[in-house]
Amino acid sequence: MSIWILAVLIVVLIGLRTPVGLAFLGPSVLYMLLEGNSAGLGFRQAFNGVASFPLLAVPLFILLGSIANRAGIADRIFDFALALLGRVRGNLGYVNIATSLGFSWMSGSALADAAALGKIQVPAMMKAGYTFRFASGLTAASALIAPVMPPSIPAVIYASVAALSTGALFAGSVLPAFLMAAGLALTVLLLTRRNTALETIPFNWSTLGTATLRVIGPLGAPVIILGGILLGLFTPTEAAAVGVAYMVVLGFVYRTLNLRSLVEAVREAATTTAAITLILASASLLGWILARERVPQEVAEFVTSFTDSPIVFLLLINVLLILLGMVIDATAVIMITVPVLMPIATQFGIDPIHLGVIIIVNLMIGLLTPPVGSVLYVMSSVTRRGVDEVFRGIAVFLVPLVVVQLIITFFPPVVTGLPALLGL
């Protein structure tokens with residue numbers, strides 16, 4: 001009876017738009033009391049869930065993205081992409097994707113990407129003749145590359161929960177992130193190829209040379225971070241710390257960062273980290289309760305009695321996770337579902353890295369969809385337009401993202417090939 005009370009309370013609180021961390025924590029503590037356990041035991045379980053060295057990378061990667069945003073890195077990447085692709089019809093569409101792809105190497109958050117790049121790209125595209133729906137929809141969709149491409153904050157959390165190598169999961173995420181960019185670029189090509197009214201910019205070697213020099217420094221960050229992790233020079237946490245130090249030095253050298261903006265970046269990162277940590281802690285307690293009630297075993301028995309096909313299982317996961325991602329924060333979904341899904345995936349012989357990328361991409365697609373799609377609301381806030389208008393622009397770009405998700409599902413080597421090649 002207690003577990004049903006817990007489930008109903010969580011659903012009601014989420015429906016009332018209670019912050020996810022509190023919606024999990026309150027009912028979980030009530031469950032502990034109903035079952036004759038102390039609240040102190042519950043809080044210890046919650047604390048133990050976040051007392052993890054790998055999770056130290058999360059606040060550092062958040063800080064890295066915040067500093068990169070304030071140091072004007074997105075502007076430099078945007079200028080370089082525009083100088084390179086300006087003469088192509090639909091240029092700002094491709095520039096939008098290329099900028100998100102470049103910035104994703106330094107930002108593991110879709111929300112940070114959408115907030116930072118939305119202020120730059122949407123006005124620039126509308127000025128050049130693109131519709132608001134096209135500009136906002138593409139910007140929101142391309143922001144999803146950031147939490148898939150390493151350094152990915154959801155990947156760090158998944159690796160911690162699943163006890164996997166973060167470096168291996170980072171490597172497995174690279175090709176899917178590029179496929180997302182390619183799918184969006186193909187959509188831009190189909191939507192703009194006959195629109196002769198869109199502005200283009202004549203190619204200029206001098207402009208490209210200047211833009212290239214301005215972007216060399218920022219592109220050193222992913223080389224240091226990912227190169228260090230994949231070559232075994234750093235742990236992900238150490239790489240994040242080195243990346244933060246590199247970005248601070250770069251910002252002061254470029255004179256786009258000062259002590260005041262650095263303090264603001266730290267404050268923003270601390271606020272975001274606090275929110276994520278509350279979700280991690282409360283979801284950890286909820287996960288402990290579910291394990292105590294043998295929910296993973298019962299779900300496993302149900303699924304294996306329903307189907308013996310790994311593909312059917314993965315397709316069911318796709319549907320379930322997109323639905324969950326629509327209403328619950330991705331961090332919480334990872335913390336709750338991974339302990340349940342991992343044993344079932346093991347029975348079906350599914351690689352845990354393959355499962356991890358499927359989970360992450362699905363949850364990121366959920367960020368674009370109502371009723372609680374976070375990126376959807378960020379774009380609405382940045383552009384000061386209605387959520388319904390933003391979603392109408394996003395809808396067409398959901399198609400290539402779903403296609404990429406199906407490719408990842410049906411062809412595991414897309415994910416597992418690079419980690420195997422690197423020996424991870």
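Predicted model: local features only at pLDDT ≥ 70, side-chain atom pairs only at ≥ 80, totals over all residues.

Reader: Fine. How many residues are in the largest nonpolar core, and which have the most contacts inside it?

Author: It has 137 residues, and Phe-24 and Phe-313 have the most contacts inside it. Helix H13, residues 259–292, gives the largest share of this core, with twelve residues.

Reader: What is Phe-24 in contact with, leaving aside its neighbours within four places in sequence?

Author: On that basis, Phe-24 touches Ile-10 and Ile-14, then Ser-282, Ala-283 and Leu-286, and also Ile-328, Ala-332 and Ile-336.

Reader: Switching to helix pairs. How do H2 and H3 pack?

Author: H2 (residues 20–34) and H3 (residues 39–50) have axes 8 Å apart, at an angle of about 135°. Angles over 145 degrees would count as roughly antiparallel, so this pair is oblique. Their crossing is right-handed.

Reader: Which residues meet there?

Author: From H2 you have Leu-25, Val-29, Met-32 and Leu-33, and they meet Ala-39, Leu-41, Gly-42 and Phe-43 of H3.

Reader: And H11 with H12, at what angle do their axes cross?

Author: Roughly 170°, and the axes come within 8 Å; H11 is residues 205–230 and H12 is residues 236–254. That angle is why H11 and H12 are roughly antiparallel to each other. H11 passes H12 in a right-handed crossing. Among the H11 residues making the contact are Arg-214, Gly-217, Pro-218 and Gly-220, while the H12 side includes Pro-236, Ala-239, Gly-243 and Tyr-246.

Reader: OK, what about H8, how many of its residues are buried?

Author: Ten of the eleven, so H8 is largely enclosed by the rest of the structure. The buried ones are Phe-132, Phe-134, Ala-135, Ser-136, Gly-137, Leu-138, Thr-139, Ala-140, Ala-141 and Ser-142.

Reader: What covers them?

Author: The cover includes H6 (91–104), H7, H10 (166–192), H18 and H19.

Reader: Tell me about H8 and H19, then. What's the angle?

Author: About 55°, with the axes 7 Å apart. That makes H8 oblique to H19. The crossing of H8 past H19 is right-handed. On the H8 side the contact includes Phe-132, Arg-133 and Phe-134, and on the H19 side Glu-389, Arg-392 and Phe-397 are among the residues involved.

Reader: You mentioned H18. Which of its residues are buried?

Author: H18 runs over residues 374–383, and its buried residues are Val-375, Leu-376, Val-378, Met-379, Ser-380 and Thr-383. They pack against H7 (110–127), H8 (132–142) and H19 (387–410).

Reader: What follows H18?

Author: Arg-384, with a positive phi near 60°.

Reader: Last topic: where does UniProt place the "transmembrane region" feature?

Author: The unreviewed UniProt entry puts it at residues 47–68, 169–191, 211–233, 239–257, 269–291, 311–341, 353–378 and 390–411.

Reader: How much helix is there over 47–68 in the model?

Author: Residues 47–68 are 73% helix and 0% strand, with 30 Å between the end C-alpha atoms. For residues 211–233 it's 87% helix and 0% strand, and the end C-alpha atoms lie 31 Å apart.

Note on methods: Residues numbered from 1 in each chain as written. Heavy atoms only, no water. UniProt positions renumbered as here; feature names shortened; annotations may be inferred. Helix = DSSP H or I, 4+ residues; strand = E, 2+ residues; numbered from the N terminus. Core = buried A, V, L, I, M, F, W, Y, C linked by side-chain atoms within 4.5 Å. Buried < 20%, exposed > 50% of the residue type's maximum accessible area, 1.4 Å probe, protein only. Contact = heavy atoms within 4.5 Å. Axes fitted to C-alpha atoms, helices over the stretch in contact; angles between N-to-C directions. Parallel < 35°, antiparallel > 145°, perpendicular 65-115°, else oblique. Left-handed = near helix turned anticlockwise from the far one by under 90°.
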